Amino acid sequence: METIQTRQLQASLLGILKAINKVCEEHHLTYYLLAGSCLGAIRHQGFIPWDDDADVGLPRPDYDELIAHANEWLPEGYELVSGDKNSHYPYPFARIQDCSTTYILRRSFDFVGGMPVDVYPLDGMTENKWKRKWHYMRFSWTKKLLYFCLIDPYKHGHGLHCLLAKTVRAIWSADRLHRKLNRIQREYDYESASLVADHDYKPSKGILPKEVYGVPTKVPFEDTLLTTVCQPDCYLRHLYGNYMELPKSLPPQNYRFVDLQLPYRQYQNDLSAK
């Protein structure tokens, strides 16, 4: 299940995670290993052997602070990219990437960056189920608009997919959609809420009591210590059920092109020169 390339990818990701940990410690920001990275920490004391990505999340106030200052604070060779810094970026969360590498997403976006760690905002969420339903309907719809705004219409031929993409591009700008997604995500104040939402998941999986996140706990991760949620067993059971059981099949890789030796700006320059 583990390949040489996967371990090389994970070495690059580990460097980014260590940089995030250092920045957060120095500037008193709370962060958590999330999703598969939390699972890897608890089940494998590091990466899941076949994993080729990493995820962290920060409470909204700390996330905003990181977005504002990451590119001052991160060591040379790393940078943060997000929709408010680059409207061509296709996701409603940030990434911290290794600029000495090239990484292209598996989906039909033409955004080119470095090997990334996904950085999610953790927002407050209402206990009112009808307001919550309306919130997620608007978020899901706007996220789909952003998708159609940024995919290459002609990758899907000249059918309905192509028409949808061209229509959305004519009506909406990516910058406007990023701003709208940002407003929706932060609709409910993190500090005063009893529930926390990770908008990368549907409400049935992405909403948890704030105490599950709580005060971060240090966990062994590869050759270092990183932080994850206060109640990792509760968090992982909510997401995965019996999380200690290995899956019967492996997920597809998250990228369609990766080069760990080629800086992504050089890749873009080479592409432009052709």
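Leu 160, Leu 163 and Leu 164 make a nonpolar patch of about 290 Å². Keep in mind that this is a predicted model.

Leu 160 is part of helix 5, and its relative accessibility is 61%, so it counts as exposed; the cut-off for exposed is over 50%.

Now the helix itself. Helix 5 covers residues 160-171, twelve in number, and at 1.5 Å a residue it should span 16 Å. The C-alpha atoms at its ends are 17 Å apart, which agrees with that figure.

Which residues of helix 5 are buried? They are Cys 162, Ala 165 and Val 168. Viewed down the helix axis, the buried residues of helix 5 fall within an arc of 135 degrees, so they line one face. What do they pack against? The partner is helix 4, residues 129-150. On the face turned away from the buried side, helix 5 carries the exposed residues Leu 160, Ala 170 and Ile 171.

Last item, backbone angles. Gln 45 is not a glycine, yet its phi is positive, near 55 degrees. Gln 45 sits in the loop between helix 2 (35-44) and strand 2 (55-59). With 42% relative accessibility, Gln 45 counts as partly exposed.

Glu 222 also has a positive phi near 55 degrees, again in a residue other than glycine. Where is Glu 222 found? Its place is the loop between strand 8 (217-221) and strand 9 (224-228). Glu 222 has a relative accessible area of 31%, so it is partly exposed.

That is the end of my part.

How values were computed:
Residues are numbered from 1 along each chain as its sequence is written. This is a predicted model: local features need pLDDT of at least 70, side-chain atom pairs count only at pLDDT 80 or more; totals for chains, interfaces and linings use all residues. Side-chain values use heavy atoms; hydrogens and water are left out. Helices (H or I, at least four residues) and strands (E, at least two) are DSSP runs, numbered from the N terminus. The expected span of a helix is 1.5 Å times one less than its number of residues. Buried means under 20% relative accessible area, exposed over 50%, partly exposed in between (1.4 Å probe, protein chains only). The arc is that of the directions from the helix axis to the C-beta atoms. Contact means heavy atoms within 4.5 Å. Patches are made of residues with over 30% relative accessible area and no salt bridge: like charges are joined within 9 Å, nonpolar side chains (Val, Leu, Ile, Met, Phe, Trp, Tyr) within 5 Å. Accessible areas come from the Shrake-Rupley method with a 1.4 Å probe; for residues, only the protein chains shown count as cover. A salt bridge is a side-chain nitrogen of Lys or Arg within 4 Å of a carboxyl oxygen of Asp or Glu.
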